[in-house]
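Thank you all for making the time this morning.

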Amino acid sequence: MASLSTVKPAGRFRFRRPSPQVLREWLQGYFFASPFLIGFIVFIAFPMAYSIVLAFQKWDLLTPPQFVGFKNFQRMFFTDKDAWLSLYNSAYYTLFAVPIQLVISFILAMALTQKIRFRDFYRAGFYLPIIVPLVAWAIVWQRVLHPENGILNQFLEVFGIAPKAWLFDPPLAKPAFVFMSLWMIGRQMVIFIAGLGNIPDSLLEAASLDGCGPWGRMRNVILPLMTPLIFFNMIMAVINSFQSFIPAKIMTDGGPEKATLFAVLKIYNEGFQWFNMGYASALAWELFIIVVGLTLVAFWSQRLWVHYEA
Amino acid sequence: MATVAPTQHYNILKRRRKLLGQVWLVVLQILVTALVITFLVPFLWMVSSSLKVSTEIFAPNFVLIPDDPQWQNFARVFDVMPFDKFIINTLIVVLFAVLGTVISSAMVAYSFARLNWPGRDFFFGLLLATMMLPIIITLVPRFIIFRSLPAFGLQGSSNWINTFLPLTVPFWFAGTPLYVFLMRQFFRGLPMELEEAALIDGAGRIRILTQIILPLSKPVLATVAVFSILQHYQEYLEPLIYLSSLNKWTLAIGIASLNANESFGASWEMVFAAGTIMTLPVLLLFLIAQRYFVQGIAMTGFGGR
């Protein structure tokens, strides 16, 4: 029955009244998919359309909304320096955190697919930090990075490095966030490990017979075969980094001197601290377009470096 | 014979390479061990400090297991804030959100995997697209929409604000597309013959889903449930926006608030104790269901948050 209805009408499309059986399956299909169809309209499509309207309004939720034309966008692009700053902060964080995360998780995955002992223990250990709820993780790291009592400074002292103020020092706050994000690579590592396990031994052996050393196998076999997963990890990491909220909200609340005022924190502050619903929507659209744009560019760039064959 | 010498030479080379390989493995083992300890230090520091007094935490030399464990740190957390209430609230939100996620995702996934209907491929593409969308875009409008939806006095509220509804109801509508995708992939791998036989026997679609497909899909159901529990357990932004009164807060909000009010009497050991309280249940879940974590991530690469 299911196989019958997959047969497409030959030639030009002609409307034929579907048989009762086929019609029944259509209705069943819509019925079972209805949670998503309804949910998509109510919780995604309609809110998105509504937020376009909001972006042209000034509304504090107390007084009636006012249409203000392009004022929110004017403010976002020309008068509110913090809007640019928050995008810069998020871009900085993403630009440094994502490549370092990818390199370290890849190296770790390589190490954990060698014939070392207790591999499962190591994998669980590297994975554990992302099991810890992010809120708990943030309050711990706030103290790890504490100038006087934090263990990071205590550790650096062993090597004679003077204590740093980390989250209280504007130039160091973002690097500290990048550093902290390196503990969050467990998921990427697991994906790389799964991918490395799927590389056929025959290909590696063939490369060895052709005279490839470990480095040659890496460059000519492993890396090309892993590019789809590198691409995937990269794109998810970029999307997530741009939307990072919890650490900045809890550890610094955007400080010191707005050095960790990231894009989502800025949107949150405008919308839910100061109740500028219209302006927050405009900011959200800006971030949305940036992230979607980056995603599209990344997808386009696949043809240049991602190998999907074999 | 003339051929002996090169073979011997080759053997020496081979042995040397083997030895080199073994040395390399030992070096690697040491490096990885050092690194995994580094990775675990913040966590161990949290758990260990939750059992110390402040002066011990601030002492320059780190002691993993304190001589005199301060169990009362945990009790003090419950004294300063109604953490028992937070735990119950969190359990309610997680229960209803996860239940809705599993049920609605399974339904939708079945439709996408096994039924033919016009527009199916288009909507599946839409589902994939929403997985990639920065969902932050809906944060503000959703708040305004939920503010205008009636709650009929549920949790003492006339609209959805300050109730658990915004945190649970959307997930009864396949609110996390990733899980639909995961289940759909799994359903497609199941043999079609079972279903066709049941159809011929006159079974309805609901019976096929609940009595044939789902019992065969325990691994993917477990994976989705585990990820979904983790996701809702630690959700912070939405509870922060929607839950204004203290007695409705979830654990995540409570701990963040305890942390922010450190100057008003919550000391480091109490914050660490609160963090430990929140972490231990998920750690337990991880130890029990580790298989499903790894499976799920390998399948999709998402998971968790």
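Predicted model: local features only at pLDDT ≥ 70, side-chain atom pairs only at ≥ 80, totals over all residues.

Now let us step back to chain A as a whole, which has 14 helices and two strands. Its radius of gyration is 25 Å, well over the 19 Å that the globule rule gives for 310 residues, and so chain A is more spread out than a compact globule. Along the principal axes, its C-alpha trace spans about 80 × 75 × 35 Å. Of the 310 residues in chain A, 38% are buried, and if we take the contacts in this chain with a separation of 6 or more, 67% of them come from residues 24 or more positions apart.

The domain assignment divides chain A into domain 1, residues 2-55, and domain 2, residues 74-305, and the centres of these two domains, taken over C-alpha atoms, are separated by 38 Å. Chain B is likewise divided, into domain 1 (4-49) and domain 2 (74-300), with 41 Å between their C-alpha centres.

How many residues of chain B are in contact with chain A? There are 77 of them, and they are in contact with 78 residues of chain A. Several helices of chain B each supply at least two residues to the side that touches chain A, among them H1 (4-49), H4 (83-114) and H14 (268-300). Sorted by class, that side of chain B has 57 nonpolar, 15 polar and five charged residues.

Let me finish with the largest nonpolar core, which has 151 residues, and in which those with the most contacts are A:Val135, A:Ile267, B:Val180, B:Met183 and B:Ile255. Helix H4 of chain B gives the most to this core, with twelve residues. As for B:Val180, if we leave aside its neighbours within four places in sequence, its contacts are A:Phe36, B:Ser105, B:Val108, B:Ala109, B:Phe112, B:Leu127 and B:Ala174.

Technical notes
Residues numbered from 1 in each chain as written. Chains lettered and ligands numbered in written order. Helix = DSSP H or I, 4+ residues; strand = E, 2+ residues; numbered from the N terminus. Rg over C-alpha atoms; globule rule 2.2 N^0.38 Å. Buried ≥ 20, exposed ≤ 12 C-beta atoms within 10 Å, placed from the backbone. Contact = placed C-beta atoms within 7 Å. Nonpolar A, V, L, I, M, F, W, Y, C, P; charged D, E, K, R; others polar. Domains from an automatic or database assignment. Core = buried A, V, L, I, M, F, W, Y, C linked by C-beta atoms within 7 Å.
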